[in-house]
Amino acid sequence: MHLGKKIRDLRLRRGMTVQQLAVASDLSKGFISQVENDRTSPSLATLQDLARALETSVAYLVVEGDQKPFVVRAKERQRLSFGGDPSGIEVLSASPKRNLELLIAELPAGVPAGDQRHFHHGEECVLCMDGRVTLTIAEHTVTLDTGDSCHFDGRVPHAFENAGQARARILIAITPAAFDPLTRVHETRVGATNGAMEVGSVA
């Protein structure tokens with residue numbers, strides 16, 4: 001979709017006239033008409049003004065390519081295992097990966113998280129859908145009941161554990177997409193000489 005058409009479509013979806021967009025973006029009505037008809041190319045600063053007025057991002061305005069939605073049918077979800085962990089992980093987001101990754105994980109009762117931690121660049125938000133789970137994030141421990149959520153920095157080593165008597169299910173959102181069950185696992189271990197707890201990579 002061309003930039004001008006994308007701006008016009010967004011303006012119409014917002015219920016704005018050209019004049020209203022001009023006022024909101026502090027640009028002239030004539031200039032906006034020229035942009036919408038692809039008769040001029042706005043500068044980056046102007047794009048930022050338009051994006052703010054249209055309640056969107058500059059990236060959305062300038063990105064090219066197919067914007068077709070990616071549908072994942074329930075029976076076609078990709079399933080992953082986490083380093084031999086019996087937890088079942090299903091991928092709900094697009095493949096190949098985009099900026100956001102969405103996962104559902106099932107945690108059996110009675111299986112401790114142990115000393116393993118995983119980490120990744122970006123942010124993570126976890127929603128407890130069923131049961132009760134414990135999140136260990138660095139030195140912090142958080143317990144989530146059904147309906148509770150936790151948002152944290154994914155670069156901090158973290159682990160999940162079922163804290164209840166029945167199978168638990170969690171929804172995990174990661175941005176940017178980074179989940180890799182074969183890497184990024186850390187193991188906490190006791191140092192051989194002084195008993196100190198160390199964090200080392202398990203390849």
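Val133 is in contact (heavy atoms within 4.5 Å) with Leu107, Cys128, Val142, Thr143, Leu144, Glu161, Asn162, Ala163, Ala168 and Ile170, its neighbours within four places in sequence being left aside. The model is predicted: local features need pLDDT of at least 70, side-chain atom pairs count only at pLDDT 80 or more, and totals for chains, interfaces and linings use all residues. Residues are numbered from 1 along each chain as its sequence is written, and side-chain values use heavy atoms, with hydrogens and water left out.

Val133 is also among the residues with the most contacts inside the largest nonpolar core. Such a core is a set of buried Ala, Val, Leu, Ile, Met, Phe, Trp, Tyr and Cys residues joined through side-chain atoms within 4.5 Å, where buried means under 20% relative accessible area, exposed over 50% and partly exposed in between (1.4 Å probe, protein chains only).

| Core | Residues in core | Members include |
|---|---|---|
| Largest nonpolar core | 19 residues | Val126, Val133, Leu135, Phe160, Ile170, Ile172 |
| Another core, apart from it | 15 residues | Ile7, Val18, Val35, Ala51 |

Strand 10 supplies the largest share, 4 residues.

Gln78 lies in strand 1 (residues 78-82) and is partly exposed, with a relative accessible area of 42%. Beyond four places in sequence, Gln78 is in contact with Ile89, Glu90 and Val91.

The mean pLDDT (the predictor's confidence in each residue, from 0 to 100) of the protein chain is 81, and 80% of its residues reach 70 or more. Over residues 181-203, pLDDT stays under 50.

How values were computed
Helices (H or I, at least four residues) and strands (E, at least two) are DSSP runs, numbered from the N terminus.
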